[in-house]
Every structure is written in structure tokens, then in C-alpha cells.
There are 2 protein chains.
Amino acid sequence: MAANSTSFTKAPEPPYYAVIFSSQRADEDRGYAQLADRMFQLAAAQPGFLEVESARNADGFGITVSYWSNEQAITAWEAHVEHKSAQELGQRVWYDNYQVRVAKVERAYGKTHVT
Amino acid sequence: MAANSTSFTKAPEPPYYAVIFSSQRADEDRGYAQLADRMFQLAAAQPGFLEVESARNADGFGITVSYWSNEQAITAWEAHVEHKSAQELGQRVWYDNYQVRVAKVERAYGKTHVT
């Protein structure tokens, strides 16, 4: 799996967990791409990580959804020291606004799963 | 609320539901913008609809997350006759791949909610 994939990967069967991260980028760009890429790599290395999908509009509004096998994996990721530091920087420098939503995926379907 | 908003609106307190729709656009473009806009408007008019957020990369990969007050509202929206017809067309013409995930939002936080 490409850790910074922005397209489809094979989804597991529900239930599993999703972190929906919506953000509005500020104009400040310095270091963002490198740190974002590092966070993708780091997240992908955590226990319980499944997949990540990400999209951003030209105007800077973006949605990243990471998928996790259970809630404990998300709590651990939120508390990861390097991630905490990145969150702090993101809030101060890169994001005008952001929202994090932790959700339990109860069902899923799609074209890639149609047989 | 702008029905086709791609940025932030005031989120309610969890629990509520999310429909995470990931899609890879095909090259075919005819009629897409009009129908997508119609679907935003129609969704926003359904009972239980809360908000929608949407982002798409230049390469055609996009994520739209709609928020709903309960699961029944989502089931009704999935079965809406005009929406069903749009889904069918989307699968046939506009989307190379797509995934729909229905999830229960259990907690949420963000910069806009920091007091």
C-alpha cells in the first residue's frame, strides 16, 4: 500500500473506524508537504491502521479520511508524540479551520466490490 | 446553509451519522456538474440532513461526506427515487470507482470549536 495514496485500496469488511479530518489550508505553505507526507507515513506504520484517502480543492479545503481497525488504535495515534507536535503546528500555521470526527463504519458498498 | 458548500458549517454534537462517499471520476463530463449540484440541493432538503463537505483532487479523486441526524434518514436518502437514478447514472458514466461508507460519528473536535 502506498502510504500517501489518494485513491482506492481494498477496504475491509465493517465494522471498523474512520477519522474524518476536514481542513481549510491557510496561505502559509512552508514545510507543509514534507510534514503531511511524514504524517501519512507515520500513520501507516501504526498498529491498527488500514487505509487513508485524501482530496483537496484548489481553494484549499480538503478532506482526509483514515481508516482504523479499532478505536484504541485511533486514541493511540492521536496521542503519538510526533503527531501531537504536528497537530500543534498545523493549528498554529497551516489550518485556518479544521474538524476531526471519529466514526464507526457500520456498512460499506461500492463499484469496486460489485461482482 | 449553502447546500453545495465545500467548506465548514457549524457541526452538531455527536452522536450523528456520516456518509463517506469516495469516487474516482471518469473522463466523461457531460451533465455531471448539473446533476451533482441537483443532488446536493436534494440531499439538503431531506429530513435529517445536517451538512455536507466535499473535496476533489485535480486528478479526479474526490471525497464527499454528508452528515445526518440518524441512520433512518440515510436509508431514506439512499432509496430516494431521483437519487437512485443519479446513482445508476454515476456508476455507468461518471465514476470509474466509488465507495460508500455509512458511519456513526462518536466524537468530534476542531479549531472552530476551541473556546
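From the N terminus on, the elements of chain A follow the order β-α-β-β-α-α-β. That gives chain A three helices and four strands. The model is a predicted one. In it, an open sheet of eight strands takes in strands of chain A and of chain B, and 34 residues of chain A are in contact with 34 residues of chain B.

**Chain A as a whole**

- Chain A has 115 residues, and buried residues make up 29% of them.
- Take the contacts in chain A between residues at least 6 apart in sequence: 79% of these join residues at least 24 apart.

**The sheet**

- The strand order is β2(A)-β3(A)-β1(A)-β4(A)-β4(B)-β1(B)-β3(B)-β2(B), and the pairing is antiparallel.
- The edges are formed by β2 (49–56) of chain A and β2 (49–56) of chain B; each has a single partner strand, so one side of each is left without a neighbour in the sheet.
- From one strand to the next, the twist averages 25°.
- In a regular strand, side chains alternate between the two faces of the sheet.

**Strand pairs within a chain**

- In chain A, strand β1 (residues 16–25) and strand β4 (residues 95–110) run antiparallel and are joined by 10 bridges.
- S22(A) has Q99(A) of β4(A) opposite it.
- In chain B, β2(B) and β3(B) also run antiparallel, with seven bridges between them.
- V52(B) has S66(B) in β3(B) as its bridge partner.
- The hairpin of β2(B) and β3(B) has four residues between the strands, and G60(B) in this hairpin takes a positive phi near 100°.

**Where the chains meet**

- β4(A) pairs with β4(B) in the antiparallel sense, over 11 bridges.
- K104(A) stands opposite K104(B), which lies in β4(B).
- In total, 34 residues of chain A are in contact with 34 residues of chain B.
- On the side of chain A that touches chain B, at least two residues come from each of β1, β2, β3 (61–68) and β4 of chain A.
- β4(A) supplies the largest share of that side, 15 residues.
- By class, the side of chain A that touches chain B is made of 16 nonpolar, 11 polar and seven charged residues.

**Helix packing in chain A**

- Two packed helices are described by the angle between their axes and the distance between the axes.
- Helix α1 (residues 32–44) of chain A and helix α3 (residues 81–94) of chain A have axes that come within 11 Å and cross at roughly 150°.
- An angle over 145 degrees counts as roughly antiparallel, and α1(A) and α3(A) are therefore roughly antiparallel to each other.
- The crossing in which α1(A) passes α3(A) is left-handed.
- From α1(A), the residues Y32(A), L35(A), M39(A) and L42(A) meet E82(A), H83(A), A86(A) and W94(A) in α3(A).
- The residues of this contact of α1(A) with α3(A) divide into six nonpolar, one polar and one charged.

**Helices of chain B**

- Helix α1 (residues 32–44) of chain B packs with helix α3 (residues 81–94) of chain B at an angle of about 150°, and their axes are 11 Å apart.
- That angle makes α1(B) roughly antiparallel to α3(B).
- α1(B) passes α3(B) in a left-handed crossing.
- Y32(B), L35(B), M39(B) and L42(B) of α1(B) make the contact with E82(B), H83(B), A86(B) and W94(B) of α3(B).
- Of the residues in the contact of α1(B) with α3(B), six are nonpolar, one is polar and one is charged.
- Helix α2 (residues 71–79) of chain B lies across β1 (16–25), β2, β3 (61–68) and β4 (95–110) of chain B, and it runs at about 35° to β1(B).

**Single residues and peptide bonds**

- N57(A) sits in the loop between β2 and β3 of chain A.
- N57(A) has 18 C-beta neighbours inside 10 Å, so N57(A) counts as partly exposed.
- N57(A) and Q24(A) are 33 residues apart along the chain, and their C-alpha atoms are separated by 9.6 Å.
- P14(A) and P15(A) are joined by a cis peptide bond, with omega about 5°.
- P15(A) belongs to the segment before β1 of chain A.
- In chain B, the peptide bond from P14(B) to P15(B) is cis, with omega near 5°.
- P15(B) is placed in the segment before β1 of chain B.

Notes
Residues numbered from 1 in each chain as written. Chains lettered and ligands numbered in written order. Predicted model: local features only at pLDDT ≥ 70, side-chain atom pairs only at ≥ 80, totals over all residues. Pairing = 2+ DSSP bridges. Axes fitted to C-alpha atoms, helices over the stretch in contact; angles between N-to-C directions. Contact = placed C-beta atoms within 7 Å. Nonpolar A, V, L, I, M, F, W, Y, C, P; charged D, E, K, R; others polar. Parallel < 35°, antiparallel > 145°, perpendicular 65-115°, else oblique. Left-handed = near helix turned anticlockwise from the far one by under 90°. Buried ≥ 20, exposed ≤ 12 C-beta atoms within 10 Å, placed from the backbone.
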